[in-house]
Structures are given as C-alpha cells and as structure tokens.
Amino acid sequence: MPQDIAPFEWSDDALRLRQLVYEHWCEHGRGPNLRDVHEAIGLTRRQTVQAYRQLQLGICGCIDLFSQNASVYRFMPFASFPTQVKAYVDDTFHSFAGCAMETMPFSKMPPFADSTVTFESYCSCCLEPVRFTAKAGQFLSREPDGLLIHVSTSPWDWQLIDTMYQCDSMNFVIDADHAERYEREIGRRGVLFTLEQAMVFAGGSGDRRMWNFHAPPETSSPEKVINGARGLGVDVANWDA
Ligand SMILES: [Zn+2]
C-alpha cells in the first residue's frame, strides 16, 4: 500500500518528465503523448513509462500502469477527462482541474502568475452552478458566498494505488445542508472545508510545482492529513477522529 512509504529520490528522467508535463499542460491545457515527450526531452517509451510510474508513486499523477502509451488520467492539478471542475484562464477554458481541492494550488502555477483563474463547478447534490476566481492562490470572488468543499472519503483510504477515488470524492457543495443531502445520495459521510481552510490544506503544493524542479516525492500519511485538517479547525469527526 503506497501510504507512509519510505522517502525515495526521483530519477533524473522523472524530474525532467514532471517539468515537461507541467509546462505542456499549462501551455496547451492537456498533457503530452509519448511522441511529444520524446521530441521535447528525448525519452524512449520505456523511460517515459518508468518515469510516470515513479511519478505516480510520489503522488504527482495517476496513470494506467499497464498502458503501452502511458495513459495519464491525472497530473495534479490537472485531469485528462471531464471532472467536476472546469478551469478558465483569463476567461478562456483551459482544462479540467483534478478536483475541488486541486483548484487551490492551480492558480499558483508559474505560467498563470499574471492571470485570473476561474473555476466553474457545481454543487454535488443538486448540480446548481458554483464558481470562484483566484489569482496566485488569492481568492478574488466566489459564488455562492458560503461555498464549501465536501470530502467523502477517509484519508485512510487515499493513495492505496493512486489518487483517482480520493479526487473523485472532493466536491463543491452550496452549504452544509446540501452536503448532508449529498451524503444521503451516496450513502457516505464526509468532512467539510471552507475555501480558506482548503487553501491551507491543499494549496501548498502550488508553491512547489514548477517553482522547484527538485521538489521531492510526496507521501500519503493519513494521520498527518487528519491532524493537519483538525489543526485548521475542520470538524474531522466523520473521519472517526
Ligand atoms: Zn446542492
């Protein structure tokens, strides 16, 4: 289980691939395919696949581990498929954000430094639209005012293989009543974050991505995550904590 794994060093290939994927996704709104990677940094298929596998272990992205073409589902903060959040850079559609939490670091990516990023999403219970705009991690506006993020998986179940299910479980809700309705819909309890709490909880990766070429692998550590959320004033009772 890839939780609390021992620290490891990225390979040179993984470091170069990570940087390229960030640059390519910021510029084009999608990830590079094997040929794009080969042209840009010279990696072979085997080298790219191996590097992506390492990047998944260090919680940088989610790939189909068995894919011959290194199918990348997520490369945080981005996703390759229609998620619950559309990201608009300076009012133009850019890409799908990985999830509600990944909107926090998104606007901190260096190429967006001078842009406003608007995230269009919906209340997960009733699909009514919600949105907020940020610039370099600072909130500029939000609608509705009481917008919350609902997390309906436990950190004890995060990153068992990858982050697919945890990202899917991080959704916007209009308020606590809508969160409760969503909980009944999916038969699960959850934990609520304000945008401000979420920015502290999840925004920190935005201070490293692309900014620090050598930023080390991340580790999924349930107890640290839960204690961190509790320290922000989040009610973590539904994480049995
Ligand atoms: Zn709702």
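This is a predicted model: local features need pLDDT of at least 70, side-chain atom pairs count only at pLDDT 80 or more; totals for chains, interfaces and linings use all residues.

User: What is phi of Ala70 near, and is Ala70 buried or exposed?

Analyst: Ala70 is a residue other than glycine, yet its phi is positive, near 50°. For burial, the cut-off is 20 or more other C-beta atoms within 10 Å. Ala70 has 22 C-beta neighbours inside 10 Å, so Ala70 counts as buried.

User: Which residue in the hairpin of S7 and S8 takes a positive phi, and how does that residue count in terms of burial, buried or partly exposed?

Analyst: This hairpin has 2 residues between the strands, and Ala136 is the one with a positive phi, near 50°. A count of 20 or more would be needed for buried, and 12 or fewer for exposed. With 15 C-beta neighbours inside 10 Å, Ala136 therefore counts as partly exposed.

User: How many bridges join S6 to S7, and how many join S7 to S8?

Analyst: Strand S6 (residues 117-122) and strand S7 (residues 129-135) run antiparallel with 6 bridges, and Phe119 stands opposite Phe132 in S7. S7 also runs antiparallel to strand S8 (residues 138-143), where Thr133 stands opposite Ser141. The counts are 6 bridges for S6 with S7 and 5 for S7 with S8.

User: Which residue in the turn between S6 and S7 has a positive phi?

Analyst: S6 and S7 form a hairpin, with 6 residues between them. In that turn, a positive phi of about 65° belongs to Leu127.

User: What is the bridge partner of Leu148 in S10?

Analyst: Strand S9 (residues 148-151) runs antiparallel to S10, with 4 bridges joining them. Both faces of S10 (residues 170-173) are covered, with Met170 and Phe172 buried on one side and Asn171 and Val173 buried on the other. The bridge partner of Leu148 is Val173.

User: Are H1 and H3 roughly parallel or roughly perpendicular to each other?

Analyst: Helix H1 (residues 12-28) and helix H3 (residues 45-57) pack with their axes 9 Å apart, at an angle of about 85°. Among the residues that meet are Leu17 and Arg18 in H1, and Ala51, Tyr52 and Leu55 in H3. Angles from 65 to 115 degrees fall in one class, so H1 and H3 are roughly perpendicular.

User: Which element gives the most to the side of domain 1 that touches domain 2?

Analyst: The chain is divided into domain 1 (12-75) and domain 2 (82-239), and 15 residues of domain 1 are in contact with 18 residues of domain 2. With 6 residues, the element that gives the most is H1.

Notes: Residues are numbered from 1 along each chain as its sequence is written. Axes are lines fitted to C-alpha atoms, for helices over the stretch in contact, and angles run from 0 to 180 degrees between N-to-C directions. Angles under 35 degrees count as roughly parallel, over 145 as roughly antiparallel, 65 to 115 as roughly perpendicular and the rest as oblique. Two residues are in contact if their C-beta atoms, placed from the backbone, lie within 7 Å. Two strands pair if DSSP finds at least two bridges between them. Domain bounds come from an automatic or database domain assignment.
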